[in-house]
Amino acid sequence: MSPQHRPLQPDTLAAQGIGEPALPYRDVVPPIHLATTFERAPDGSLPGGRLYSRDASPAYDAAETLLRELEQGEAAALFASGMAAASAVLLALRPGARIVAPHDMYWSLRKWLIEFAANWQIALDFYAGEDELAARLQQPADLVWVETPANPTWEITDIARAATLAHAAGARLVVDSTVSTPVFSRPLTLGADIVMHSATKYLNGHSDVVAGVLVTRAADDFWARIRAARAAGGAVLGPFEAWLLNRGLRTLFARVRLAAESALRIARHFEHHPGVARVLYPGLASHPGHEIAARQMQGGFSAMLSLRVAGGEAAAREVAARVRLFKRATSLGSVESLIEHRAPVEGPGTRCPADLLRLSVGIEDAQDLIDDLEQALAGAA
Ligand code: PLP
């Protein structure tokens with residue numbers, strides 16, 4: 001392929017925010033569009049192509065276009081949070097629909113799925129691992145949910161296999177790819193129908209915006225119902241948040257690659273550490289999902305890992321109390337590293353081991369992060 005015919009790489013598209021200067025001043029960063037309403041022509045038409053910002057705000061165009069390109073989908077929609085994005089998918093289902101979802105997934109979404117299914121006459125079955133997924137899909141279904149790597153133990157699901165199973169059962173496959181990001185995987189190219197992100201995490205990357213996004217492989221009827229759920233349900237993102245998200249997206253590839261390199265280094269460092277019973281990270285050959293992850297994630301294994309502390313629950317609590325550099329805070333995907341003793345946050349019914357510390361690795365010096373965990377583990381011993 002001659003250099004002028006080589007398509008632009010995703011890193012380039014992200015760094016330039018697609019790269020179309022805004023008219024009329026040819027701004028190299030998109031302006032903030034605050035208008036909620038748009039003028040009609042005398043004949044009643046809408047020359048600007050917009051009616052009202054709850055339906056489709058120009059403030060979303062840059063991020064939606066970029067994310068559609070990065071995920072290689074047909075259309076994208078921003079939401080007021082990752083949960084609002086997931087809820088729009090649920091609201092697009094018909095009464096009596098059947099969902100098959102993983103036991104291990106983002107805790108609050110799992111809890112919401114259970115409540116939603118009970119209140120809206122939706123059948124809901126859970127699976128742990130792909131064999132159970134195949135068994136659940138012996139019967140017809142409407143929606144299969146996959147989260148890979150899955151919070152907080154980072155189980156890996158084979159997206160291509162899940163897509164084949166879902167489609168054979170008549171279901172759409174939705175993949176929560178928040179942790180993997182478009183830097184490492186493109187679920188739509190592996191057969192998923194919709195990819196979802198909590199844009200609060202890596203896409204924005206600075207712990208200062210709550211946002212969500214869905215990207216679809218086909219702008220079909222189901223997508224039209226999702227768009228209607230956003231416009232009518234009203235879970236829309238503010239223009240300033242959309243602008244901050246655009247700004248975060250420009251450094252996505254640099255941030256996420258650096259953080260994932262550090263995560264791998266930290267995982268390797270603590271894999272055989274006496275204070276650590278187990279490191280959960282798909283980049284380690286010891287992780288049960290490593291082979292699939294190596295196949296479906298290109299260039300890295302995410303910047304999330306968990307440590308199971310050798311001394312058990314009390315020691316895990318103590319390590320979290322002793323860190324000086326990691327911030328004790330929930331959430332993930334930002335430039336600063338976070339640590340969380342996860343099970344108490346999830347509360348009763350959690351499947352998270354009591355000795356598990358969840359680490360969101362940021363872009364600080366990796367050795368500084370290792371030294372911080374070393375001193376915290378030494379103090380807790
Ligand atoms: N999916 C995953 C994997 C998450 O970690 C989170 C939040 O932590 C969400 C979805 C929900 O996103 P939000 O907090 O933006 O609503």
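User: Which residues form one aromatic cluster?

Analyst: This is a predicted model, in which local features need pLDDT of at least 70, side-chain atom pairs count only at pLDDT 80 or more, and totals for chains, interfaces and linings use all residues. Residues are numbered from 1 along each chain as its sequence is written, and side-chain values use heavy atoms, with hydrogens and water left out. Rings of Phe, Tyr and Trp (its six-membered ring) pair if their centres lie within 6.5 Å, with planes under 30 degrees apart counted as stacked, over 60 as edge-to-face and the rest as tilted. The one cluster in question is formed by Trp112, Phe116 and Trp120.

User: How many aromatic pairs does this rule give, and why is the pair of Phe116 and Trp120 put in its class?

Analyst: The count by this rule comes to three aromatic pairs. For Phe116 and Trp120 the ring centres are 6.0 Å apart and the planes are at 25°, so the pair is stacked.

User: Is Phe116 buried or exposed, and is Trp120 buried or exposed?

Analyst: Buried means under 20% relative accessible area, exposed means over 50%, and partly exposed lies in between, with a 1.4 Å probe and protein chains only. With a relative accessible area of 5%, Phe116 is buried, whereas Trp120, at 54% relative accessibility, is exposed.

User: What are the centre distance and plane angle of the pair formed by Phe240 and Trp243, and where do the two residues lie?

Analyst: Phe240 and Trp243 are three residues apart in helix H9 (residues 239–249), about one helical turn from each other. Phe240 is partly exposed, at a relative accessible area of 44%. The pair is stacked, with values of 6.2 Å centre to centre and 10° between the planes.

User: How many helices and strands are there in the protein chain, and why is it called as compact as a globular protein of that length?

Analyst: Helices (H or I, at least four residues) and strands (E, at least two) are DSSP runs numbered from the N terminus, and the protein chain has 14 helices and 12 strands. The radius of gyration is taken over C-alpha atoms, and the globule rule is 2.2 Å times the number of residues to the power 0.38. For 381 residues that rule gives 21 Å, and the radius of gyration of the protein chain is close to this, so the chain is as compact as a globular protein of that length, at 21 Å.

User: What share of the residues is buried, and what share of the contacts between residues at least 6 apart joins residues at least 24 apart?

Analyst: Buried residues account for 52% of the 381 residues in the protein chain. Contact means heavy atoms within 4.5 Å, and among contacts between residues at least 6 apart in sequence, the share joining residues at least 24 apart is 71%.

User: Where is Phe184 placed, and which residues does Phe184 touch?

Analyst: Phe184 belongs to helix H7 (residues 181–184) and counts as buried at 2% relative accessibility. Leaving aside residues up to four places away in sequence, Phe184 touches Val256, Arg257, Ala260, Gln296, Met297, Gln298, Gly299, Gly300 and Ser302.

User: What is phi of Ser302, and is Ser302 buried or exposed?

Analyst: Ser302 sits in the loop between helix H11 (290–296) and strand S9 (304–309). Although Ser302 is not a glycine, its phi is positive, at about 90°. With a relative accessible area of 1%, Ser302 is buried.

User: What is phi of Ser207, and where does Ser207 lie?

Analyst: Phi of Ser207 is near 50°, a positive value in a residue other than glycine. At 46% relative accessibility, Ser207 is partly exposed. Ser207 lies in the loop between strand S6 (194–198) and strand S7 (212–216).

User: What separates the C-alpha atoms of Ala315 and Leu377?

Analyst: Ala315 is in helix H12 (residues 313–322) and is buried at 12% relative accessibility. Not counting residues up to four places away in sequence, Ala315 touches Val309 and Ala380. Ala315 and Leu377 are 62 residues apart along the chain, and their C-alpha atoms are separated by 8.4 Å.
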